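Please view the sequence and the structure below before reading on.

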Amino acid sequence: SDVCSSDLIQTFGALNGAPADKVADLRAEALVRLKAYRDKPPADFVPRYLLQMQPDQRYAIVVDTQRSRLYLYENDRSQDGRPRFVADYYVTHGKLGADKFVEGDKKTPVGVYHVTANLPKQKLADLYGSGAFPLNYPNEWDKRQGRGGSGIWLHGTPSDTFARPPRASDGCVVLTNQDLDVVAKNLQVGLTPVIISNSVEWLTLDDWQSERSTLNNKIEEWRQDWESRDIDRYLKHYSKKFTSNDQNLEQFAKQKRQVNSGKDWIKVKLANLSMFRNPGKDELVVVTFEQDYQSNNLSNQMKKSQYWIREDGTWKIVFEGAA
């Protein structure tokens with residue numbers, strides 16, 4: 001049964017003969033683990049954030065800080081990239097909760113991140129257990145919101161760890177070494193998304209597909225309007241709050257008008273598109289793709305990142321730059 005799973009046995013087993021000063025931590029851990037088994041997400045629902053993974057992103061991670069739970073999803077290519085639940089694990093996070101803002105606030109960030117490195121045990125202090133996977137916090141959106149700090153990792157536990165209450169780290173997401181070793185086999189440096197939320201929102205597959213289609217249609221409309229060389233149609237996709245490379249919307253529009261005046265034709269192809277909804281309070285989607293741009297006087301290829309935000313009832317681009 002669920003209650004007899006190894007996830008709970010390792011906690012309740014430690015309660016037997018535990019020192020008095022550790023019992024509170026053990027009890028807090030045990031209660032959160034038990035609640036996770038009693039209150040599982042609906043089997044036919046998916047996290048709202050995993051709108052679309054690019055084909056070579058094999059897995060994605062979603063962390064729910066309120067549940068102290070990490071969910072591993074596979075990119076099911078046989079089902080048009082539908083996120084398929086693989087497993088979930090108990091984690092601890094920041095001592096003072098989530099929504100990190102400044103260095104040293106002992107909070108875990110909320111947002112869309114990616115694994116940037118694989119640090120083996122041999123190169124780490126015992127604090128990090130069997131390994132560590134740094135995340136790209138702060139991301140572009142964090143910087144725009146004035147959030148700072150660094151050193152947010154997925155990592156293991158020290159060898160002498162006796163208990164891990166739900167809030168126990170300085171901001172990192174921490175698993176048991178045994179669980180980290182399993183999860184690590186599925187992590188791809190530079191590719192695997194790690195989405196951290198205060199409380200995961202779940203969607204039915206129909207609602208998930210609807211949100212995904214809406215975003216895909218808006219991106220395709222943007223691409224077609226760029227090709228049309230109708231600069232007003234193209235610029236309507238950009239938010240009033242848009243910034244890119246130290247340009248605001250007015251400066252960006254002026255530059256685009258100048259560039260387009262020398263174009264006889266434009267062709268734009270997009271490949272390896274990913275879309276991840278930000279779990280923060282803003283309606284925001286992080287989009288990345290490989291862009292192949294061709295025109296009568298310029299050809300280039302690049303990996304691009306865009307942040308789309310809901311504005312005046314529709315999706316618009318609030319940031320754009322090289323990924």
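## Overall form

For 323 residues, a compact globule would have a radius of gyration near 20 Å, and the chain, at 22 Å, agrees with this; the radius is taken over C-alpha atoms, and the globule rule is 2.2 Å times the number of residues to the power 0.38. The model is predicted: local features need pLDDT of at least 70, side-chain atom pairs count only at pLDDT 80 or more, and totals for chains, interfaces and linings use all residues. Residues are numbered from 1 along each chain as its sequence is written, and side-chain values use heavy atoms, with hydrogens and water left out.

The C-alpha trace spans about 80 × 40 × 35 Å along its principal axes. Seven helices and 20 strands form the secondary structure of the chain; these are DSSP runs, H or I of at least four residues for helices and E of at least two for strands, numbered from the N terminus. Of the 323 residues, 51% are buried, meaning under 20% relative accessible area with a 1.4 Å probe, protein chains only.

## Helix 4

Helix 4 covers residues 177-184, and D179, L180 and V183 are buried in it. Viewed down the helix axis, these buried residues fall within an arc of 100°, so they line one face of helix 4; the arc is that of the directions from the axis to the C-beta atoms. The buried residues of helix 4 pack against the following strands, where contact means heavy atoms within 4.5 Å.

| Strand | Residues |
|---|---|
| strand 3 | 59-64 |
| strand 5 | 82-90 |
| strand 9 | 131-134 |
| strand 10 | 153-155 |

Definitions and conventions. Buried < 20%, exposed > 50% of the residue type's maximum accessible area, 1.4 Å probe, protein only.
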